[in-house]
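Morning, everyone. Here is today's structure; please take a look at it before we go through its charged side chains.

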Amino acid sequence: MAKVLNTKELINKRFGEEGTPERDKFREDAFSFYYGEILKNRRKELNMSQENLANIIGKKRTYISRIENGEDILMSNFTLLANALGLSIDLKSNVEAN
């Protein structure tokens, strides 16, 4: 009988243990995909083309496409895109202060 793995075990097996370079890369890629989806969905809600959005922030349409496909994004450009799409960014600490 095959062993049943939980989600954490599956992720560890496929992408490496927490703290390894492979796991860090997986995490970065997952966040890039997630944020790209948020931006793409908001752009579509506004009936805005990639070209229109690119013109607003002074970038090329291909850049918008890369971001929406989960490629890495600089925080400064993410802020520009969020602003252009009427989104706010809320940064929160995940560490309690002493």
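Let me start with a term. A residue counts as exposed when its relative accessible area is over 50%, as buried when it is under 20%, and as partly exposed in between. Take E28. Its relative accessible area is 52%, so E28 is exposed. Keep in mind that this is a predicted model.

Where does E28 sit? It is found in helix α2, which covers residues 21-45. E28 also belongs to a surface patch. That patch is negative, and E22, D24 and D72 form it together with E28.

Now to helix α1. It runs over residues 7-15. What caps its N-terminal end? N6 does. A side-chain oxygen of N6 lies 3.1 Å from the backbone nitrogen of K8.

On to the salt bridges. How many does the structure hold? Seven. Side chains of opposite charge can pair when their charged atoms come close.

Pair one is E18 with K8. Their side chains meet in a salt bridge at 4.0 Å, N to O. This pair links distant parts of the chain. K8 is in helix α1, while E18 is in the loop between α1 and α2, and the two are ten residues apart. Are these residues buried or exposed? E18 has a relative accessible area of 57%, so it is exposed. K8 comes out at 51%, so K8 is exposed too. There is a third partner here. K8, E18 and R23 are linked in a network of salt bridges.

Pair two is R42 with E45. The salt bridge between their side chains is 3.1 Å, N to O. Both residues lie in helix α2. They are three residues apart, about one turn of the helix. R42 has 23% relative accessibility, so it counts as partly exposed. E45, at 57%, counts as exposed.

How accessible are the partners? R66 has a relative accessible area of 37%, so R66 is partly exposed. E71 is at 39%, so E71 is partly exposed as well.

Key
Residues numbered from 1 in each chain as written. Predicted model: local features only at pLDDT ≥ 70, side-chain atom pairs only at ≥ 80, totals over all residues. Heavy atoms only, no water. Polar contact = N/O pair within 3.5 Å; in protein donor to acceptor, adjacent residues only side chain to side chain. Helix = DSSP H or I, 4+ residues; strand = E, 2+ residues; numbered from the N terminus. Buried < 20%, exposed > 50% of the residue type's maximum accessible area, 1.4 Å probe, protein only. Patch = residues over 30% accessible without salt bridge, like charges linked within 9 Å, V, L, I, M, F, W, Y side chains within 5 Å. Areas by Shrake-Rupley, 256 points an atom, 1.4 Å probe, with all protein chains shown as cover. Lys, Arg positive; Asp, Glu negative; His and termini not counted. Charge placed at Lys NZ, Arg CZ, Asp CG, Glu CD.
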